[in-house]
Amino acid sequence: MPFLQKSYESLDTLAEAIGQAIRAPITIENRHHQLLAYSTHPDSTDPARIATIIGRRVPEAVIEDLWESGILQELIDRDEPVVIPARMAIGLSERAAVVIKQQEDVLGYIWSLAQTTPFSEQELTVLKDGANIAKKLLMTIAMHERRIDAELERFFLEVLASPYLAPAHRERLNELAPIAVANRLTIIDCLQPITPQFAERLFYALATQEAIEVVLHAIDGQQLLVWHYMKSELSEEEAALLQWADRFETQLQDKFTDAEPRLGISRRFFESDTLYAATEEARRVTSLRRKFPFELASARAFEQIGIYQLVPDLSRRIGLRLETHPTIERLQAYDQVHHTELVTTLEWYFYFDGNVKRVAAHLHIHPNTVLYRIRRIEELTSITQVSLPERAAIYLAIKAGQYRQDD
């Protein structure tokens, strides 16, 4: 005999009906693990369910653990309910879960806590039937959400297409973003085009980030542009941002190895008028990180790239012959004639602050070779006599030349 009706007016009534049919607490989530509905439950529950109900979404630590263990992937790949053993380290007692799908498109999930006895075939069948009923409701919700998302994405790209913000755009942006919050523009830069399927996976990863609140996002070729702010006090914003960026980029690189995603984050801003400038800052970070992966391996925010932010402008001036540096030109001419690597040696000598052993290790040469080259550089340029600002200018000129050559 059927335990469920064929349709329900809301997900709340469906969750309650499933819970009564199998005598267990039920939660229904969307594809991003945001809570949509839940049934009443007795006093016996677990920390993961309580945190999900309070926060209206599954805790990030729970999602990450289920991904890393392969449980979520198994759940997505199967059409049948999956019984999940207890994982008390993340506050998760034994559960059964089933994915809600329309063909291969994940719409959401139904989760049931276990009772004192193992799940019966009948109870798992009820969960499967519940997923089929929930599909109709979630398809309507998903279609509505996607229409809104598509319209907001078009609007966001239109705003970022010009440095001049139209009054109508400004008014709408100010309605979307909170006042007096340290906003950031983050770019997730990938080595491959972001297809709709890839975008869905990126959106999923973004939606599970508890440390940030996303205002708007949009796909632009191989980049995902994200306007967000940190859910932290202003005094702790920068430290929280860097911790989140380090953790999030690692997650992305683990999940999307072929795309090699890199983050670029703007300086914080408080007015929507600076969105365009913030986007340019974030793009500069990602561009420089691609050009100089060793030097900027851990630099994700604009504040962290230091004097490298000047490299693109200096490179352009060199290309227009508006800027030259005689020291570099002299060493380059010597290298070309004598087939040496004085410019490269000087570059890493500056980078490693004169540490000969580190220069030698990086260039895979003997320390005596480094010393010999530095002496030759001193003979040609009197480099030991120049001031620190001039050394910085020489180093920037070297990097600007490299930046221009790679274009």
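Contact here means heavy atoms within 4.5 Å. With that in hand, turn to the model, which is predicted.

Start with the sheet. Strands of a sheet pair through backbone hydrogen bonds, either parallel or antiparallel. Here 4 strands form an open sheet, in the order E7-E8-E6-E9, and the pairing is antiparallel. Strand E7 (212-220) and strand E9 (262-265) are the edge strands, and each pairs on one side only. On average, neighbouring strands of this sheet are turned by 25° against each other, direction ignored.

Look at one pairing. Strand E6 (residues 183-189) and E9 run antiparallel, joined by 4 bridges. Ile188 stands opposite Leu263 in E9.

Helix H9 (residues 275-291) lies across E6, E7, E8 and E9. Its direction is at about 140° to E9. Helix H7 (residues 196-207) lies across E7 and strand E8 (223-230). H7 runs at about 165° to E7.

Move to helix H2 (residues 47-55). Its buried residues are Ala48, Arg49, Thr52 and Ile53. Seen down the axis of H2, these residues fall within an arc of 130°, so they line one face of the helix. The face turned away from that buried side carries the exposed residues Pro47 and Ile54.

What do the buried residues of H2 pack against? Their partners are strand E1 (26-30), strand E2 (35-38), helix H3 (60-68), strand E4 (95-102) and strand E5 (105-113). After H2 comes Arg56, whose phi is positive, near 60°.

Note on methods. Residues are numbered from 1 along each chain as its sequence is written. This is a predicted model: local features need pLDDT of at least 70, side-chain atom pairs count only at pLDDT 80 or more; totals for chains, interfaces and linings use all residues. Side-chain values use heavy atoms; hydrogens and water are left out. Two strands pair if DSSP finds at least two bridges between them. Helices (H or I, at least four residues) and strands (E, at least two) are DSSP runs, numbered from the N terminus. Axes are lines fitted to C-alpha atoms, for helices over the stretch in contact, and angles run from 0 to 180 degrees between N-to-C directions. Buried means under 20% relative accessible area, exposed over 50%, partly exposed in between (1.4 Å probe, protein chains only). The arc is that of the directions from the helix axis to the C-beta atoms.
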